[in-house]
Amino acid sequence: MDIFTVLSLIGGLVMFLYGMDLMGDSLKKLAGGKLESILAKLTSSRWKGLLLGFVVTAVIQSSSATTVMLVGFVNSGIMKLGQTISVIMGANIGTTVTAWLLSTNDISGTALVLKLLKPDSFTPVLAAIGLIMNMTAKDDRRKNTSTILIGFAILMFGMDMMSGAVKGLRDDPTFTSMLTTFSNPVIGILVGTLFTAIIQSSSASVGVLQALSMSCLIPYSTAIPVILGQNIGTTITPIISAISGNTESKRVALTCLYIKMIGVIIVTGVFYLLNSFMNFAFMAPDAYVGPTTIAIVHTLFNVVSTIILVPFCSFFEQLAIKTVGSKKEEQHYDAFATLDERFLEMPTFAVEKCKELVNDMACLSFDSFRKATVLIKNYDSAEFKEIEEIELMIDKYEDKTSSYLVKVAGNQMSSKDSKMVTELLHCIGDIERISDHALNIAEAAKEIHDKKITFSDKAMADLETITAAVDEILSLSLDALVDEDVEKASLVEPLEQVIDKLKRTIKNGHISRLRQGDCTMELGFILSDLLTNYERISDHCSNIAVCFIEIANDSFETHEYLKQVKAGGEEFDKMYEVYNKKYHIEN
């Protein structure tokens, strides 16, 4: 094998792997995170899991990607070990779809229809269509579709390049001697395992074998053990992924390995035992495989081994549990476990998990406000301590979620996901500040209690009115954020203006009572502090709502939007009057 053949082979392999990676990533983006969400939810039965694993893997063209998803789901507590086992088995069958796509190179015949089905005929057309679509695409869906076409074309060109590079090796005695060595089942399995572990994709390694079979005489006796080894080698990806994970994720990775190894041991033992008695004709030294027969062998192994092993899902679960024992320090709930580094490769799913955490953060923050306002009339030291603990938790939410969102933003994602990341990053700061103001209100309540200060009946009534208004604006903001409700978000700004007016009215009322001797200066300072925190909370609610509206409208001109809103409008004026009557205060 000369240096030019080696370079051509390497070049073809690089193109093949790049095309497969490009196509797989685009397929995942086109799915828009739906596959990840479906995987995480629909595993209620063994057969559903099997079907689900097959479908997801067939779509994204990678069993390694599916199993890495499962490792991430289990590591973050979204799924349990037992739920993943049938999915893994389904993924093993789903990965064979790629081999069937690549086997189209094996189509032969002079008929026009058969010629058109050959990759040499349709791949250049797909590449041209993909390029034109990519250059003219205005939305993510068309762009991802075009990248899938381009990726598939690059993949097929790479395969053609590899097969062309090894054409001269057919009559090379050194090369044919090496292939004969691989016919030893143990050596063939080891070679297949090692090669697949290096490139971390059984689909790719089977594709390389198919490319070699198009130009070289590879006997069944060589191909079968190599294919069996390739199925074991693909487990290296989830194993690497699980190294930094918790006990459960390591068990998932080991389950992948056990399923493949036990499947290979059973199938190899039965097949070679039968061959020793029956002398299968296709195992003769001069019986050679092609791309289609490699796809058949690859599929048969995975289907047969799955049929044999699927009744033993519980056995694999127990085997993994016994192999990796539990650690006491892991027996606790981690709210941030879903911020798993593995999900960075699935931006849509990662953003969805961040959105869930931001929603939880908002609920905690708004609940903190409600607890704090109760303390003004009925102070309780235990409740005060809980508000302090909520504030510390929300600070942790802000730190962890913001850092993770920045990492997500560093990956390629759809414009929709990019907008959501922007929205969440803006909202997190406002939610955290609402929690800060809730703690300030609680501290003011503590001061009232410690100093045994009593508000006048009028001051308490005014506080109750503005508290109800702020409570409503918090509810509107929360609903807008959680449900992505633009209509509710549009109601926030008129209510925020009413709260600003309430603050001024209550302050003026206090000044009047101060002149009449009904209130004290010390009480006035506390009241002013409370009102300032109320107003700031409503401001942050306004920021959250405006951010959501602007993102929904495909822009981010917050100041311009607020300027237009405050200039007035029929709908705004109508809602302002509604809230003004609802929260009216008489001086």
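What share of the 587 residues of the chain counts as buried?

## Overall architecture

In this predicted model, 52% of the 587 residues count as buried. The secondary structure consists of 26 helices and zero strands. Of the contacts between residues at least 6 apart in sequence, 82% join residues at least 24 apart.

## Nonpolar surface patch

A nonpolar patch on the surface, with about 1,000 Å² of accessible area together, includes Trp-100, Ile-266, Phe-277, Met-278 and Ile-308. The elements giving two or more residues to this patch are α15 (247-278) and α16 (291-309). Helix α15 provides the largest share, six residues.

Met-278 lies in helix α15. With 53% relative accessibility, Met-278 counts as exposed, because the cut-off for that class is over 50%.

## Salt bridges

The structure holds 16 salt bridges. One of them pairs Glu-464 with Lys-377, with the closest N and O atoms 3.4 Å apart. Glu-464 lies in helix α21 (residues 457-483) and Lys-377 in helix α18 (residues 347-377), so this pair ties together parts that are 87 residues apart in sequence. Glu-464 is partly exposed at 43% relative accessibility, whereas Lys-377 is exposed at 54%.

Within helix α20 (residues 415-450), Asp-450 and Lys-446 lie four residues apart, about one turn of the helix, and their side chains form a salt bridge at 2.9 Å, N to O. Glu-447 and Lys-451 are also joined by a salt bridge, at 2.8 Å, N to O.

Conventions: Residues are numbered from 1 along each chain as its sequence is written. This is a predicted model: local features need pLDDT of at least 70, side-chain atom pairs count only at pLDDT 80 or more; totals for chains, interfaces and linings use all residues. Side-chain values use heavy atoms; hydrogens and water are left out. Buried means under 20% relative accessible area, exposed over 50%, partly exposed in between (1.4 Å probe, protein chains only). Contact means heavy atoms within 4.5 Å. Patches are made of residues with over 30% relative accessible area and no salt bridge: like charges are joined within 9 Å, nonpolar side chains (Val, Leu, Ile, Met, Phe, Trp, Tyr) within 5 Å. Accessible areas come from the Shrake-Rupley method with a 1.4 Å probe; for residues, only the protein chains shown count as cover. A salt bridge is a side-chain nitrogen of Lys or Arg within 4 Å of a carboxyl oxygen of Asp or Glu.
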